[in-house]
Every structure is written in C-alpha cells, then in structure tokens.
Amino acid sequence: MPHGLFMLDADNRILVANRRACELLNLGDRERLKDCHLDAVLRYGVRHTFLEQDQAKQVLKQLDQLMQGMQSRALIPFSDDLFLEFSASRRASGGIVLIFEDVTARVRAEKKILQMVRFDTLTGLPNRDYFGELVSNALVDQNRTGLTGFMVLDVAEFKHVNDTRGHVVGDRLLCAISERLKKVTGDKAIAARLMGDEFVLFFSSESNRRVLEERMRAVHAQMRGIYLASGFTFNISMSAGYVIVDSTDFRLEDMQIKADLALFESKSRERGSCTAFEAEMDANYLDRQKLKTDLREAIETGGLSVAYQPMFLADGSRIECCEALARWTHRERGPVPPDVFIQLAEEIGVVSNITKFMLRQACIDCLKWPKHIAVSVNLSVLDLRNGEIIPIVTDILSETGLEPCRLHLEVTESCLMEEAAKVQTILQELRARGITIAIDDFGTGYSSLSYLDALPLDIIKIDRSFVRNIREDARRFKLLRGMVNLSRELGLKIVIEGVETNDQLALINQYKCADLIQGYVFAAPMPSLAIESLSDTLLKKLSVPKRRNRRTA
Ligand code: C2E
Ligand code: CA
Ligand code: CA
C-alpha cells in the first residue's frame, strides 16, 4: 500500500499501523506502536527531532479537526522535505482510520508554479499582479493608517542599450538593476518590475510626509550610477515619478496613473530627475484624454485636412515633389500641431486611419498637378509593424489611378530601428511596386549611418536641426557635408529640410549639398490649389529664358 495507515480506537490509541506509516514518519518498528496513543507518537517525533515542540502541537490540532470531521483533508508540513496529506474516515466501532501520503513532490511543484505566476522570471521581482496582492496585504496590515508612497522608476536610454549591445546584455543589465533595487529597498518598500525597463515601488507606514519623501528620493538616488553587465560598464540614470497619499485614499490604478504623469514630467524636464505628482498634471492628463476623444471623432467625421509643402530643385526653379502634412483645426482650440495629434493617434491606435486618409487625399490631389510633381506621404512607426500597409498603398493607388512612381513614402529612423528585418522586407515590397522611399528627419536617431547601406532607400531627408546654425556652427555644417557626401556615395538623393534664410540657402548651394530643398525660404505648407498656381508661375518664369535659348541655338 503506497499510503501510510493508522487505525485508531475511540481513544485515539493505535490498533494498527502499516509499514509505510512507520517509514514516512520515521517511527521504527511498527509492533512498538501498538496501543500507543497518537500523542505519544508525536512526542516520539519530538524526541527524535523530526518535529519541533510547537509543531507537534500544531499537527495534533490539525489531526484533531480532521478526525472531528471539520475538514476532509489536512496538508501537514513536517519539514521542508516532507509534506503529508491526511484523510480520516470514521469506523462503525467508533474508532478512526487515518490514511496519509507523501505529497512533497506535488507541493514543491505547486510552489514552483506559484513562484512563476507571481514573480518576473528574468529578475525574480514580483510581477504586476503579485505586486497588487502584496500592496493590498500591506494596506490591511497597517489598517490603512498613515501615509503611503508610490513611485515609478524608468531606466533612461535603456532602448539604446538594447539597440547597441543587444537584448542579452540588456537583460543582464535589468537583472543587475533589480538586484540593486532589492538591496536598496530591503523591507522598507515593496518593489516590482512592471514591464520592460519600468519598476514600481510601494512605501507604507509613515506619518510624516517629508520623511517619506526623503526615503523615496534616497532610493532613486541610490539606484543611479555604475552598473556592470556582461563585461560592459553602464552609467545609468533613472527618471522617477512619485505620489504620496493618505493610506485611506490609496487606489493602485489611480496611483499608477499619477506616478506615470509625474514620470512623464521628469522625462520632459531632465533625464534622470525625480518629480512628485501635482494636481495640475492630472488636469493635463484629462486634457489629453479629451483631445484624444475629439481626435477620434475628427478622424471619423472627416475633420482632418492636408497641406502640401513643396520640395524645390536647389536653385528654386522647379517643384519636384510635395510633402503631404496632416492638419487638424480643433473647434475650440484652433489648429493642433501634427506632431501632437499624430502621437495621440498612435497612443489610441488610430494612426493608420490618418495614414489611409492622407494617402488617398495625396493621390487625388497629386493627379491635379503637373505630371512631373510627385507627392510624399509620412508613415508612422505603427504603419510598419505589419505588412498591412502594402495592400493599403496598392489599393489606394489603383483606386485613384496615380502612377506609383509619383508616390513617395517617408519613414523615420525610429521605424527602421524597431524590427529592422521586417521593415526592410515591407519597404522592399513597396519599392518593387515602383514607389520611392525616403528616410525622414535623418540624423536625429541613433546609429543612423550603419543602417543607410542595408535599407532599400532612394531619398534621404536631412533634418532641419543640421541647417539651423550652419553659418555660426562650423562643426554642424561639417557634419551636414559629411552626411551629404556619404549619402551621395550610396546613390541616395538628398533633400535638405528646414532651410529658412537666403544665407543658409547660399551656403548649401555653394557646397552643392542638396538635390532638393524644402523650407520656408521657398515655400511654407499650403493648400493643394496653391501648389497648382505656384507651379504654373514657376513654369512661366522658366519658359521665357528657354525660348530665348532655343532661338540662339
Ligand atoms: P516632418 O515630416 O519633418 O515635416 C516637416 C515639418 O517641418 C512640417 O511641420 C513643416 O511645416 C516644417 N517645416 C517646413 N519647412 C520649415 C522651415 O523652413 N523651418 C521650420 N522650422 N520648419 C519647417 P508640421 O507640418 O508641423 O509637421 C510636423 C511633423 O508632424 C512632421 O514632421 C511629421 O513628423 C508629422 N506629420 C505631419 N503630417 C503627418 C502625417 O500625415 N502622418 C504622420 N505619420 N506624421 C505627420
Ligand atoms: Ca516628413
Ligand atoms: Ca522631416
């Protein structure tokens, strides 16, 4: 029989004990047990030190409840290496049969599963759910008295570590950070990793706000500094946001939003800083939420429009292409800048609707312009997450009848960094259909140069930040020329963005930096109709010297 068995009489004296029972409880010869009281058996356990005194009492209590029928089974830990599960059944004669088995393996497996369910496998810190559980327990333990603090920590520039050193090193760095976090917080706070490079901390049992604030700021300060991971040294700073409330007002979800708002403030203020939540941040948050709702409605009801900014030949004589720029005029707030509402659209997952609208309108408008003018549409990072953009573009082209060679698509460096191989395939497919691909805002992302060669690109649009001070900042201009030379070597066409003054234009042209120029010096964004008339004017200007040339020839 694999189970241990005791048959007891009405006074809990052992009538029968099987061999397995003696083995499991380490009781020696079973004949000796006959007529012994169950208490005596446990006392024997204490004497032979496989049970502590208190433990024996506990075991007896549990067995007692079992035998009285208060519970059907009892799981009893005898040591870390022995868990026995007992069940009892009453005999007609008044005694009891106790049956028990070794469930140590099952208990261990359950523990392991629980560990996996509760803790982040990479860092061993509690995960989101378990963190919530620990926090509610802590709040109950302290009877919801005093103040509590909640803090979010975000590793600054962590993506850069992943991009430059790879995910394995990134993971090791996260482990090193988690180890330090465990040490720094000890039992002063509950720490967890939420996702990626974001950590949360819960502080409780403090009556003085200033003291609590100092405790939290001290943790933030101790977390930054030098870390070693996979043989590399990293100087890490962490941005933090925190909120302090009365324990009675603590709602985890609420705290998370508030600490995130404070974190957002830290990030926009200064990398690695630590900011307390303030009520007005909430107002900003609500404001953004409202703007998101309005944006969703504007997209659905055709509230967006398109402006076009021409890209000219470097001498300004001709428009080659026009960039389609999204416009939204809010009924109360007036025009909302596109970088603002595009980001909102990305956050609420509707940016691909904007892209579709822009693509369709751009193709329709382009057909009204002279044949040599192309149109360029911006794609969002999210448009390139999957291959759906390919049929979207193809359908819109065939639906509107625009030749693919007149459509350009602009992608930013951040699009290319995400999942380089996937994005590369998508761009190749689009290019194979005759569409021109431009890389936008070039020079503002990381490790840009190494990507240039590998990607299927036709045009490079150098960001306007390289143009701003070219007169005053010789190094910046050198950098610009370096990028231009490299791009030419790679056979890319060069657009320089944001040229505002004649001075800048002259310098750019003196060194023949640009194939095309886009900037206020020639034209700001304008409606589609204005493009037609501007192009007309330019062509008329051009045709005068041309005719004269023909005559002389
Ligand atoms: P971008 O793609 O770099 O677009 C060029 C921006 O530079 C436009 O701002 C344009 O008005 C501005 N600009 C043009 N010439 C000059 C100049 O000489 N000096 C200065 N300082 N600025 C100049 P806009 O229209 O506000 O667009 C801002 C950004 O919003 C765009 O930057 C682009 O990233 C995004 N965006 C606009 N429309 C769309 C769209 O339909 N889809 C996506 N995904 N993003 C869009
Ligand atoms: Ca652009
Ligand atoms: Ca740009």
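Okay, let's start with ligand 1: 22 residues surround it, and the closest are Q309, R327, R464, E500 and Y520. A residue is in that shell if one of its heavy atoms lies within 4 Å of the ligand.

Quick housekeeping. This is a predicted model, where local features need pLDDT of at least 70, side-chain atom pairs count only at pLDDT 80 or more, and totals for chains, interfaces and linings use all residues. Residues are numbered from 1 along each chain as its sequence is written, chains are lettered from A and ligands numbered from 1 in the order in which they are written, and side-chain values use heavy atoms, with hydrogens and water left out.

So, what does the shell consist of? It divides into nine nonpolar, five polar and eight charged residues. Here Ala, Val, Leu, Ile, Met, Phe, Trp, Tyr, Cys and Pro count as nonpolar, Asp, Glu, Lys and Arg as charged, and the others, Gly among them, as polar. Strand 14 gives the largest share, four residues; strands are DSSP E runs of at least two residues, numbered from the N terminus.

Now the polar contacts, meaning pairs of N or O atoms within 3.5 Å. On E500, a side-chain N or O atom is 2.6 Å from a nitrogen of ligand 1. For ligand oxygens, E323 has a polar side-chain atom at 3.0 Å, and N378 has one at 3.3 Å. On its own ligand 1 has 790 Å² of accessible area, and the protein covers 86% of that (Shrake-Rupley method, 1.4 Å probe).

Next, the metals. Which protein residues hold the calcium ion, ligand 2? Its donors are E323 (OE), N378 (OD1), E410 (OE) and D440 (OD), 2.1 to 2.3 Å away. Along the chain the spacing reads E-x54-N-x31-E-x29-D. E323 sits in strand 14 and N378 in strand 16 (residues 374–378), 55 residues apart, so to speak linking distant parts of the chain.

The other calcium ion, ligand 3, is coordinated by D440 (OD), D441 (OD) and two OE entries from E497, at 2.2 to 2.5 Å. Its spacing is D-D-x55-E. And D440 bridges the two calcium ions, ligand 2 and ligand 3, which lie 3.9 Å apart.

Note on methods:
Polar contact = N/O pair within 3.5 Å; in protein donor to acceptor, adjacent residues only side chain to side chain. Donors = N, O, S within 2.8 Å, 3.2 Å for Na, K, Ca; no water.
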